[in-house]
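Hi,

Here's the structure I said I'd pass along.

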Amino acid sequence: MDFLAEMEQEPFNPSEFVERLAWMTMGVSNLSSGSDDSFSATGLLNNFEETIKHLQVLQVRVQGKCDKLETACREEESKHWQKMAKLEEKNKAAVEAFHELDSRINSVATKVVYLGDQLENVNTPRSRAVEAQKLLTHFNGFIKPGGPFSPVFTDKEQLFEAADIIQKLQLVAQELPSAKFSGAQKQIAQKYDEIERSLIEEFAKAQIKGDRAQMKHIASILSHFKGYSQCIDAFIEQSQAGAFSSGDVFLDVVPLCERNAREMKEVFHNPEQVMGKFILNIFYGKLQGTISSSLSDRSRPDAYLKRLHELYSRTTKLSIDLARYDTGNDHTFLSKLVKNIFQRYLESYISLEIRNLKERSASILKKFYEYKNHQKKPINAGGIQELRRDLQAVIVAKTGAVWETHGGETFLSEQIAVGLLDETKQALIRCHSLSRSSECAANAVQILDILFQFLIDEFVDYALEVGLQAIPPGESKVQPELHFFGVVREVNAIIHLMDKLFHDSIIPLVVSTPKHGECLQRKKTISEQLENKLEIGIDRSLSAIVGYVKVTLQSEQKKGDFKPEGDEAVIASSACIKVCRFVSVQTERIRTSLDGKNQEAVLSELGVRFHRVIYEHFYQFQYNSMGALCAICDVNEYKKCVLEFKVPMVTALFDTLHALCNLLLVLPENLKQVCTGDQLATLDRTILSNFIQLRADFKTARLGNYLKTLSDDK
């Protein structure tokens, strides 16, 4: 068995090794004996002893190998340390040689610099003297009128050299006394201008050819001349020649700058200044001309304002697009250009905006009333108007005249409101763009005031006043035409539209300014005024509904309806049917005109008033048993009618009224039981007593005794 190979495996577990050895020993023993149950302890012991001997021999062999390897390792380590010592000595020698070489190089460099300084000190005066001699030679040619000039000034091939000389002569001539050298100074100035023009011409030729290297060389020479700006002007003029061909200057500017920006960097040593002048030329040249031409016609303020806003917005966007180009240290350069171009237009902007908005709003309302064939009349709200209404109600009641309702016209239109709001929105958009930041909030408030004037005062408020006048008086014999609920619906829709504009367009312009609170207060005041008039109109409408119900019941409800003498079929009375139909129509109008809590509140109020009229109406009659059944049928119809209200409180009132009507029908001995039932137990006993007294058999059946019983129980 190869114990070494097994022990070298990872991981090695001694316990498993012993177990495996024992298993192998027992397996061999069982096989040799042919028995599965026999166990030989002696065989196991002998096998273990033999294995131990093998392991001891293996240990000796392995230990010998380890000793040899350790000896070889120590020898190798000794050789390695010897090599390291030799390398360290060589490294020290190399470092010393490096320091010595560095010292020598420094010494040589010092001597070279010294020699260079000495040579420069000797050569510079000599070079200056030579240059001065050349300048004096050239200057001598300008002392006498007409020359003779040096050939360098007449040879076009030596233009650049002539430019260098004349530029220096110009500087020298400026330092000389004019009285003695005026002639020479004049000739030098003439030659200076001549060479300068020649250089600019050569620059223009090189630009046409696209020779940027030549352009750069000439621009470098001209940078020392007075006419360097003319070189830049020539470059700009040539670059922009034929560039604006699309018909829309705003679309041409950015590509034009992009094409020329790289050329500026390659040609000029100050490309940012050239780009600044390039853009300046575009703004004060092409752009300003386009803007002036487009804004020359002010005959139509609306079209003029749209053009102004469009041009200003496009110019502002253009300045933002051009901001990526370096134009110098002034970061406000582009914004100043925009302001300067539009300054004269923006100074009078808001006055024109206000005038245009007033005219447009007035025109919209005028067309609306002309379409309605309606002539607006002054309406005086307050006590005088109320007195006039009361007098008119008396006249209508006595003469039977028809109450003026304008044919159900509300004089309101969401489309007209949207038109006014859209005009205001466009004005606010222009206000945000065209107003100075310090004036924007104040201008927005002026625009808001115009909206309130035309949309609220002259449109909505006028319609409300007309609608209030059109509401018939209460207790009319003629079925009232109630169109005020339509006014309510349209007013609510218009106010919602105005609120959206207020929050979306007004608030962002006035927020964080003192005008913010002022606008909120102004809107709150207007909303409260409108709500008050809506409440007055709804109250009058409900009064008209209930008044007509009351008059109808009084005029059409017969005493025989509740005290019939025969055994006719018991059905709801005609007066009840007529009233329910009328109330159902008004209920549907209310439901389509109001929503949410407003709808519930109005229907609740109508239900309470309707119940009161019916309740008081029942007190006008006496009831026999058949009449009591008729009354109960009427109440059932009223209950069906108010179920459309979907107001639990109103339904409960009519349930109680139904229970009271049962008191008119039940047998006398059952009165006490009914009065103490769930629906009537909480009512005042006086109400129960008064209702019982409406029975036709009250005296004959001696029901007063039952009333005393009810009073005693209380």
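This is a predicted model: local features need pLDDT of at least 70, side-chain atom pairs count only at pLDDT 80 or more; totals for chains, interfaces and linings use all residues.

Aromatics first. There are 17 aromatic pairs in the structure. One of them is Phe203 with Phe268, a tilted pair with the centres 6.0 Å apart and 45 degrees between the planes. What does that pair tie together? Phe203 belongs to helix α5 (residues 178-209), while Phe268 is in the loop between α8 (249-267) and α9 (271-294), so the contact joins parts 65 residues apart in sequence.

Elsewhere, Phe368, Tyr369, Phe459 and Tyr462 are linked by ring pairs into a cluster. Tyr462 also has a charge on its face, with Lys376 lying 4.7 Å from the ring centre. A second case to check is Phe502, where the charged end of Lys523 sits over the ring at 5.6 Å from its centre.

Now the helix. α21 (residues 648-662) has 15 residues and spans 21 Å from first C-alpha to last, close to the 21 Å expected at 1.5 Å a residue. Which of its residues are buried? They are Val650, Thr651, Phe654, Leu657, His658, Ala659, Leu660 and Cys661. The cover over these buried residues of α21 includes α19 (596-618), α20 (625-643) and α23 (685-692).

Cheers

Definitions and conventions: Residues are numbered from 1 along each chain as its sequence is written. Side-chain values use heavy atoms; hydrogens and water are left out. Rings of Phe, Tyr and Trp (its six-membered ring) pair if their centres lie within 6.5 Å; planes under 30 degrees apart count as stacked, over 60 as edge-to-face and the rest as tilted. Helices (H or I, at least four residues) and strands (E, at least two) are DSSP runs, numbered from the N terminus. A charge sits over a ring if NZ of Lys or CZ of Arg is within 6 Å of the ring centre and within 35 degrees of the ring normal. The expected span of a helix is 1.5 Å times one less than its number of residues. Buried means under 20% relative accessible area, exposed over 50%, partly exposed in between (1.4 Å probe, protein chains only). Contact means heavy atoms within 4.5 Å.
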